[in-house]
Amino acid sequence: MTGEKKKKKRLNRSILLAKKIIIKDGGTPQGIGEPSVYHAVVVIFLEFFAWGLLTTPMLTVLHQTFPQHTFLMNGLIHGVKGLLSFLSAPLIGALSDVWGRKSFLLLTVFFTCAPIPLMKISPWWYFAVISMSGVFAVTFSVIFAYVADITQEHERITAYGLVSATFAASLVTSPAIGAYLSETYGDTLVVILATAIALLDICFILVAVPESLPEKMRPASWGAPISWEQADPFASLRKVGQDSTVLLICITVFLSYLPEAGQYSSFFLYLRQVIRFTSETVAAFIAVVGILSILAQTVVLGILMRSIGNKNTILLGLGFQILQLAWYGFGSQPWMMWAAGAVAAMSSITFPAISAIVSRNADPDQQGVVQGMITGIRGLCNGLGPALYGFVFYLFHVELSEMDPAEGPEKGGKPNMANPTDEVSSAIIPGPPFLFGACSVLLSLLVALFIPEHNALNLRPGSYKKHNNGAQSHLHSSQGGTCEGKEPLLEDSSV
């Protein structure tokens, strides 16, 4: 009996020691309350609110730092950041499966916000650090993993929607606030405020955010090696061609999201330099389009899904995107941008509809595999899209000769063309990359026509090994199928 008591005491001490180690590493439910979606919402809101404040100062600093090839450098900076995020996201997701979410939330938010104070200290270092911060700029991946840990399968779509809506809401008000403060008190105050909010976000994670990964999931993973398959960013992309329906969906996502990613990286700069919006007008544009997008993704999307079906909703969204990009490409007046912005809000229904059709057609235990493929495609577009847009702007010599931040773009901004031929083409097509994007989405629409609306799709549960995609990796059990590279993802699917 004495020996058994000693063994129990030693076991209890070992358990307590293990808990202390987890606490030290940020792995227990330390924080305020139980892990919840609201913790994730606050982290996302504070991070992107801080960056939203910098919309106006960043456009000014970007042109002052790269006066000759502003669009090209903007595309390269965001392109490098996007590619690094694409390459690092699977590894960070796999590591968070082993070491917990909280420590990686802290890591990603810290390095994502690290460039903010450098904007006024050294603009060159600011843009260099922005590019390199792409290695850790995967907060959304960790946040979705956090949400997956604490929600049931049927609750996850709603929780993800709440996180995405919070991201949009953070960008509705912050650019307008940043533009007002910049105009009234100068850019320095805006940078200080953004830095303070970023620090508040870091402190919130340290103090208030509890670890979401259940303790029972942790000991089995202690010391577990991270395989190359888990960390390989191209692993999910290599599986795309194994099923015709998944292939069609992924091609649709690639052709539609490539111009969207490029547009996000350069559009606000385009509004200021070419369309000659003021800082306040750009902020108001972001707010209005953001509000309309939230309405489109909540109210309008639900109505369309019930009335015309999933596939037709995707086609309608792609049609709106073609119209929006063509309007951006040919439009030269401010009212045209506002009208196209309203259309852009309607085009935001496309990706939620694609996610829904994937969720419906894929087997529950393989949702992460197919969603991981789509996430990988979007990550690749986040690197290629900005670089492509910057290069097209450079080819057409769409640059700005001067932009005095004190006078605003109306007085100092006029597109600078290298020769008369470029001036004529600019008069006809002010935004060449957007027209290229419209052509890309048109191809996406043609591909989407072949996506089956209703298909009895069953995934083979033994087709894949454990798939760590950052969001649901620990939810899938390891499978020992030997025909991994031969069996299709979606059984009996056809064009």
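Author: A nonpolar core is a set of buried Ala, Val, Leu, Ile, Met, Phe, Trp, Tyr and Cys residues joined through side-chain atoms within 4.5 Å. Buried means under 20% relative accessible area, exposed means over 50%, and partly exposed lies in between (1.4 Å probe, protein chains only). Please keep in mind that this is a predicted model, where local features need pLDDT of at least 70, side-chain atom pairs count only at pLDDT 80 or more, and totals for chains, interfaces and linings use all residues. Residues are numbered from 1 along each chain as its sequence is written, and side-chain values use heavy atoms, with hydrogens and water left out.

Reader: Which residues touch the most other members of the largest nonpolar core?
Author: Tyr270 and Met337 do, in a core of 95 residues. Helix α13 gives the largest share of this core, 13 residues. Helices here are DSSP runs of H or I with at least four residues, strands are runs of E with at least two, and both are numbered from the N terminus.

Reader: What does Met337 touch, not counting residues up to four places away in sequence?
Author: Its partners include Phe267, Tyr270, Trp327 and Tyr328. Contact means heavy atoms within 4.5 Å.

Reader: How do you know whether α2 is enclosed or open?
Author: We count buried residues: 14 of the 17 in α2 are buried, so α2 is largely enclosed by the rest of the structure.

Reader: How are α13 and α15 placed towards each other?
Author: They pack at an angle of about 35 degrees, with their axes 12 Å apart. Axes are lines fitted to C-alpha atoms, for helices over the stretch in contact, and angles run from 0 to 180 degrees between N-to-C directions. Among the residues that meet are Phe267 and Tyr270 in α13, and Leu325 and Tyr328 in α15.
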